[in-house]
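This report covers selected helices, strands and residue contacts of one model. The sequence and structure come first.

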Amino acid sequence: MPGNAEIQSIRLEIIGGKNLKVPSWRTPAGIYVSINVDSRRRWKSAIRVLSSNESVVWGDTMTLSSHESPALSVEIRASYEVDRTLGNGEIIVKLQTSWDDLLDHGDEPFELSFPPIRSVTPSLTLKVAVVHACDNQDSALFDSLVDCEIARETDAGHAQYAEYRTTKTVSHLNDVLQYFQSVLGRCSVADAGYAQYAEYRTTKTVSHLNDALQHFQLVLDRCPVDHPDHAAALTNLAWARLRGYIQNDLQDIDTTTSFFREALALRPQGHPDHILSLYNLIFALNWRYSKERTAVLIHECLQLCCKLLPLCPEGTYLRSIGVDNAVDYVIGECNDLPIDASDEGIHLQRVVLEFRPLGHQRRPITLTALAVALKARFRDRGSIEDLEESIQLGREAVSLCPEGHSDRGAYLNNLAGSLQSRFDHQGKSHDLDEVISMHEEALRLLPVGHKFRDFSLGNLGSALHTRFNKHGDVDDINRAVSLSREALSLRPPGHPRRDTTLNNLALALDTRYDKLHVIEDLNEAIDLYRESLRLKQLDDPERHRILFNLSSALCSRFTQTRENEDVEEAIRLCQESLVVLPLLHPDRYFSLMRLQEAYLSRYQVQHNPTDLSLAVENYRLASRHPTQGFPQRIIQAHYWTVTAEQHGDGSTLEAYSTFFELLDAHLGTRPSTTSRREAASAFHYARSLPVNAASCAIRSDNLRRAVELAEQGRGQQWSLASRLKTPVEELELGHPHLARKFSELSKRVSNAAQGSATITDRAAAEVAETKYRKTTMEWEAVVAEIRNLQGFSRFLLPPSYKDLQVAARNGPVIILVASKYSCSAIIVPTSGEPHHVHLLRITLPHLEKLKDDFATAIRHTARMRPEEPRKKLRVLLRIVWDEIMLPIVNILQHDLKLRHRSRIWLCPTAAFTSIPLHAANPFRMNADRSGSEPCLEDLYICSYTPTLSALVRARQAMKTRGTPSFAAIGQSQPGAGQGDVLPAVDSELELVHTLVPPNVKFTNISKDEATQAGALNALQCNTWVHLACHGKQDLEQPYNSCFSMRDKPVTLLDIMENNSPQAEFAFLSACHTAVGDEETPDEAIHLAAGLQFSGFKSVVGTLWGVSDVLAKHVVEAFYEKMFEDLEDGVIDCTKAAWALNRATHAVKTKVPLEQRMVFIHIGV
């Protein structure tokens, strides 16, 4: 020691320590340093928790008088309590040194190394300084050892144990036992247990374990329930029992677990030892669960993990030594549990994800684990929100593993699996293309010889198989078979997943047989299915799929061979699969579908009516199975309609209704008009169902139902969009709060829909779609609440005949039904029952030919001079009169007694939409030669309506009328690529201006002002609009149909989203503004209908190209009639049909036939 008299004390700072491993491997609550100055006194640092790298930071300081003993011992000890310590814990390492040695390092921090333990060298970072007596502030931190004989004896036992562990001599062990025996019955008996437990962990001898347990039991006996050290005593005993005993005795593990649970109860949240007690109990429960898997145990683990993770942030020791592994184990087990546990598992996964932020090494695997769990829950429950979130999470995981990352292939496969599920559920083509692209990339990352190549081969083969089912490209199914064969070669007999690959190859061969009818494919498929079935355990969760797949193959062979045992076995297999599947399992759909196939196959051979009834019942159950995706159920409902029509089953109308309900629900999940169009186009084969359904009802003498079905099946796009614009005036009168809530949610749904339509980024689009669906669910809940109100039971439901008959309030509506089963007309009168008009000599092929003949004749007139007679056109119009309109007129005149010049509305379907019904004309003299026979427009004022609901909505909207304002929009020189110059447009606008009453505000928008934005603003801000420009109908993408403007066109989609609630009338002096879509003519998707949807109640449009020079004559005559004899100067859009009728009559000598009949009126 220094001898200078001025120097009074030495200060030692314990800065930190590292490589601090506990010899017994037990998880410590904390670590502390003990400085033993002499036999009577020691100094203890604070107990600090280990960090993830097994280091500790202290920053504690001790001060020692200079006259103290020059020698000292430094110990690093593990404590198993942070708050109140029971004993002195376990010695990690010990070192004898002197103050002189420490002072030799000067004033700088230095490292003090200890003997190795568990293959590492522990060390402390210290700093020693000489201080004056006045600086001595730390002497009070010393523990007096004079009165602590129990602790001293315990520490001696630990010291002897450490020596014993090094030499492993029995003599040392005996010394240890002697020391511990001397302290039995005192409060520090715990230390004896620590020593014995440490020795047991080293030598693994049962005798040491038994001694340790005996000591810990004695401590527990001395620390009853009300003792402050009771929790610590329970924990010590439980840990030794759990880690030491032969651990297959469930009763012993339960007892041990109960000790941990009791200790945790004594250490609630906020207690310093709460975290370690949580971890200990989770560890014990996981061990118990590994011996007997019961949901109660894993539930408790989940709840504890959710509490532990927020308390164990990154960098903590517990997190580094096993918390993540324990949590991952619980998550994995939860995902294999029934649905309730899976909910808990997903909740826990979300908690885990919160603690694995962007940049965390394990974030991708955590994202994938949550994605897989969500997809599994979707599979069990069918909630599309789970699947959408799974895809979003999968995309993030893939983005975090760029090309070259070792795990990219696995994450690609997981994401592709979720996208495949969404394709199966919703039928989005781009999903399937993306699936195949991802599987192709994943396979490239797994070359021949890679241990996981078989998985990628199977995944890609399955995706190609799916694409073949959608598009029918034989190359896809051939490649699927080839890939499945290669996968099977990598899974020889004895391979644990050979059964799955056998099933996949069989399925591909089975499908190829359906296309190419090579019987060898079918027979091989059956053999492979049977081998796969033999390999499946009876309780295998996938076994049911092989059952119904084999059933389908047997049905196919039965239709070829007529061997009855095949179909009998097929039925038994499906029934067996249904027995094992829960009622809401999505795969019950496939079992029901295959069972229907089996019964129908047998019926077609044996003609037993019972089999047909059973087939229909399974159609019914499959199409209504709630957890299967809409596309599959829609397909099944379609097959049901075909089967029922073919065999004359009484369920036909039910089948049609089911189809329309499912299609409406499916399209309702799409957030925009274009995405709904895309979804509907997937069922292009069923576009004739609306008219077939109406025909079926007509043939069943149920005309009311025919009207309802024709309406329900037509105008899906308009009805889905318009229900968000339903007037709520009646609701506001009695239930203003609910009306406001409905209006607000309708606006949110509409805004979400419009916003999603403009998103091009796939991931962003998926987020938008998820938001849209959630908003839609809220909207649907409010609608359900409204329907519970008296008088609102049918709010937004498909309208009943009574609802639809309101459309005929001002004159009958004639629905023209063009079906392959029959062509008819239904007249909906102002009151009473509908009338059926059977068009005896008209069939669907006749109508198709008539439609084509009209198109040819119209094109021919473009090359004719105005004064030349239109002979071909007159012949065609005479056929329309004689075969179609005359039988209808007879009913109107004789049965309904409809007055001359009354209004009628035509509502054509299918091929009728392309025929100018309003221009039907006999072009004959009266029998008495007194003059010409009247044509349809001589007898009645004709208008069109795309649907009855559209007419009803337009009339309802007429209740509120704004101050009239008129905008004339014209573009004679459209932007590049939008059409030729129209020289008469500007003069037409001037003409219109002169004809509009002076009391009506008039705006001329032309030339540079006639832009897309300018036109849309005018449409929104004015009640009356006249449009003179090029109009283009896009038959392939009808929402791209447009009006040409100076900068860019105004599309149908723009118009639909341009809400114009105060709008009344629009005159479309442009080409092709009232021509529907060739692919879905029943949808009546055209520019005029779009304007009507956006708010215009009355619209004049065109069926084909117009001459701007000749159209000017019709325009002049129309507005002259429209604005003559105004009452009080008020302009009335309901006069438009009459004005158009009079105008086309007035210009007969100036305008040729095809340029007069091109104009039609739509709406009120």
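## Helix H8

Of the 18 residues of H8, 13 are buried, so the helix is mostly covered; buried means under 20% relative accessible area, exposed over 50% and partly exposed in between, with a 1.4 Å probe and protein chains only. The model is predicted: local features need pLDDT of at least 70, side-chain atom pairs count only at pLDDT 80 or more, and totals for chains, interfaces and linings use all residues. Residues are numbered from 1 along each chain as its sequence is written, and side-chain values use heavy atoms, with hydrogens and water left out. Helices (H or I, at least four residues) and strands (E, at least two) are DSSP runs, numbered from the N terminus.

H8 takes in residues 274–291, and its end C-alpha atoms are 26 Å apart.

## Two open sheets

Two strands pair if DSSP finds at least two bridges between them.

E1 (residues 9–18) and E8 (residues 123–131) are joined by nine bridges, while four bridges join E7 (residues 110–113) to E8. The table gives residues that stand opposite each other.

| Residue | Opposite residue in E8 |
|---|---|
| Ile10 | Val130 |
| Phe110 | Leu126 |
| Leu112 | Leu124 |

A second open sheet has three strands in the order E18-E19-E20, again antiparallel. E18 (1031–1032) and E20 (1050–1051) stand at the edges with a single partner strand each, so one side of each has no neighbour in the sheet. Two bridges join E18 to E19 (residues 1042–1043), and Gly1031 has Phe1043 in E19 as its bridge partner.

## Asn692

Asn692 lies in helix H27 (residues 689–699). The residue counts as buried because its relative accessibility is 4%. Beyond its neighbours within four places in sequence, Asn692 is in contact (heavy atoms within 4.5 Å) with Glu645, Tyr656, Arg699, Ser819, Lys820 and Tyr821. Tyr656 is 36 residues away along the chain, and the two C-alpha atoms are separated by 8.6 Å. The side chains of Asn692 and Ser819 are joined by a polar contact of 2.7 Å. A polar contact is a pair of N or O atoms within 3.5 Å; within protein, one must be able to donate a hydrogen and the other to accept it, and residues adjacent in sequence count only if both atoms are side-chain atoms.

Definitions and conventions: The expected span of a helix is 1.5 Å times one less than its number of residues.
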